[in-house]
Amino acid sequence: MIEHKPLYQAMQQAVSQTLENMAFMEVMEHFDPDYEIPAEQLAWTSLLISDPVQGEVRLAMTKTLLEKLTAAIFALEPEEISQAQMDDILHELLNTIAGLFMTNLLADNQTFQLGLPEAGEGELPELEESAVVWKLMTADEDPLQLFAVGVPLVALNKPAE
Amino acid sequence: MKRIIIADDSATARMFIKRCLDIIGLSEAEYVEAEHGKEALAAAKEKLPDLLLTDLNMPVMDGETLLKWVKASPKLCDLPVIVITSAGNPAKEAQLLKLGARQVLNKPVSPPVMMQALADFLDD
């Protein structure tokens, strides 16, 4: 049995800590639980978790928020930002969030293994029914979303016995 | 002047680490950046740095393999290695310390945490 803490809280803390530390941005739950990022505004990336359970974590946000984050983190003017920098920021954010998420989620004696982030293209893949979604936004109301996908990972959502 | 190698496949992470080091007083150091462990190992053999900061999860050669190679090299075995990772927890940290890492820090790393980790190094 894998000892773990609550899934939802583990992700919420991971996102808050990452964005506050890397970009001095505060995040909160989105006021509209039905909100979806329009396809033409979507930037997303995903990362596989291979141990101790198999699953996938995805990070999606608007291109506007990604530009703001890139400008803040690299201390650049918006017109100086390159696509490569935006892709790298998106990957590093997910990498950091996923690591903190698993650290927050699992007991101290439990190691875990993350894959490398991969850029998403086009629309987000259709979600399995079991997937867990976090709909968040920044203080400027820029939306971002996290997804935990894969039955073994999502099964950790049940309280530890 | 200190010579420091930063190994991470993310340019963002390398920039972030370098910014932390600048803030804690290492802005004059000579930095060598590497995108994976193999590149960092080659740079370490050539430059003989004072410090190696490495990510764990990298393509080509990961940070754990890099650490093992460094500690197995007669030329580099005394090089202080600090692992900065998003995949760290107490169990992993204990494993890396046993392999010879000087410190294991979790991402996102902040200047105060970096300062504490490098206190001895900064005093030298």
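Okay, let's start with an arginine: Arg14(B) comes out as buried, at 9% relative accessibility. Before I go on, keep in mind that this is a predicted model.

So who does that arginine pair with? Arg14(B) makes a salt bridge with Glu33(B), and the closest N and O atoms are 2.7 Å apart. The arginine sits in helix α1 of chain B and the glutamate in strand β2 (residues 30-34) of that chain, so the pair ties together parts 19 residues apart in sequence. Glu33(B) is partly exposed, with a relative accessible area of 38%, while Arg14(B), as I said, counts as buried.

Next pair, still in chain B. Glu64(B) forms a salt bridge with Lys92(B), closest N and O atoms 2.8 Å apart. That one links distant parts of the chain: Glu64(B) is in helix α3 (residues 63-72), Lys92(B) is in helix α4, and they are 28 residues apart. Both ends are buried here: Glu64(B) has a relative accessible area of 14%, and Lys92(B) is at 12%.

Now for the residue I'd like you to click on, Lys107(B). Which residues does Lys107(B) form salt bridges with? Within chain B there's Asp8(B), with the closest N and O atoms 2.9 Å apart. Those two are 99 residues apart, with Lys107(B) in the loop between β5 and α5 and Asp8(B) in the loop between β1 (3-7) and α1. Is Lys107(B) buried or exposed? Buried, at 5% relative accessibility. Asp8(B) is buried as well, at 0%. The other partner is on chain A: Lys107(B) forms a salt bridge with Glu92(A), and there the closest N and O atoms are 2.8 Å apart. Put together, salt bridges that share partners join Glu92(A), Asp8(B), Asp55(B) and Lys107(B) into one network. For the whole structure, over all chains, the count is 13 salt bridges.

One more thing about that lysine. The peptide bond from Lys107(B) to Pro108(B) is cis, with omega near 0°. Pro108(B) lies in the loop between β5 (103-106) and α5 (111-117) of chain B.

That brings us to the interface. Chain B and chain A bury about 1,900 Å² between them, and 55% of it is on carbon and sulfur atoms. The contact takes 23 residues from chain B and 24 from chain A. How many salt bridges cross the interface of chain B and chain A? The rule finds one, and Lys107(B) with Glu92(A) is a salt bridge between those chains. Polar contacts between chain B and chain A come to ten residue pairs. On the side of chain B that touches chain A, the elements giving two or more residues are α1 (11-26) and α4 (90-99) of chain B.

Ser86(B) is buried, at 3% relative accessibility. The side chain of Ser86(B) makes a polar contact with the side chain of Asn95(A), at 3.1 Å. Leaving out residues up to four places away in sequence, Ser86(B) touches several residues of chain A, among them Thr96(A), Leu100(A) and Phe112(A), and also our friend Lys107(B).

Okay, cores. The largest nonpolar core has 50 residues, and Phe101(A), Leu144(A) and Leu146(A) touch the most other members. Helix α3 (residues 83-105) of chain A gives the largest share, eleven residues. Not counting residues up to four places away in sequence, Leu144(A) touches a list of residues including Val15(A), Leu59(A), Met61(A) and Trp134(A). A second, separate core has 22 residues, including Ile5(B), Ala40(B), Leu66(B) and Val81(B).

The peptide bond from Asp51(A) to Pro52(A) is cis, with omega near 5°, and Pro52(A) is in the loop between β2 (42-51) and β3 (55-62). Phe24(A) isn't a glycine, yet phi is positive, near 55°. Phe24(A) is in the loop between α1 (7-23) and β1 (27-29), and is exposed, with a relative accessible area of 76%. Glu141(A) also has a positive phi, about 65°. Glu141(A) is in the loop between β6 (132-138) and β7 (143-149) and counts as partly exposed, at 49%.

Technical notes:
Residues are numbered from 1 along each chain as its sequence is written. Chains are lettered from A and ligands numbered from 1 in the order in which they are written. This is a predicted model: local features need pLDDT of at least 70, side-chain atom pairs count only at pLDDT 80 or more; totals for chains, interfaces and linings use all residues. Side-chain values use heavy atoms; hydrogens and water are left out. Helices (H or I, at least four residues) and strands (E, at least two) are DSSP runs, numbered from the N terminus. Buried means under 20% relative accessible area, exposed over 50%, partly exposed in between (1.4 Å probe, protein chains only). Contact means heavy atoms within 4.5 Å. Buried area is the accessible area (1.4 Å probe) that two parts lose on being put together, summed over both. A salt bridge is a side-chain nitrogen of Lys or Arg within 4 Å of a carboxyl oxygen of Asp or Glu. A polar contact is a pair of N or O atoms within 3.5 Å; within protein, one must be able to donate a hydrogen and the other to accept it, and residues adjacent in sequence count only if both atoms are side-chain atoms. A nonpolar core is a set of buried Ala, Val, Leu, Ile, Met, Phe, Trp, Tyr and Cys residues joined through side-chain atoms within 4.5 Å.
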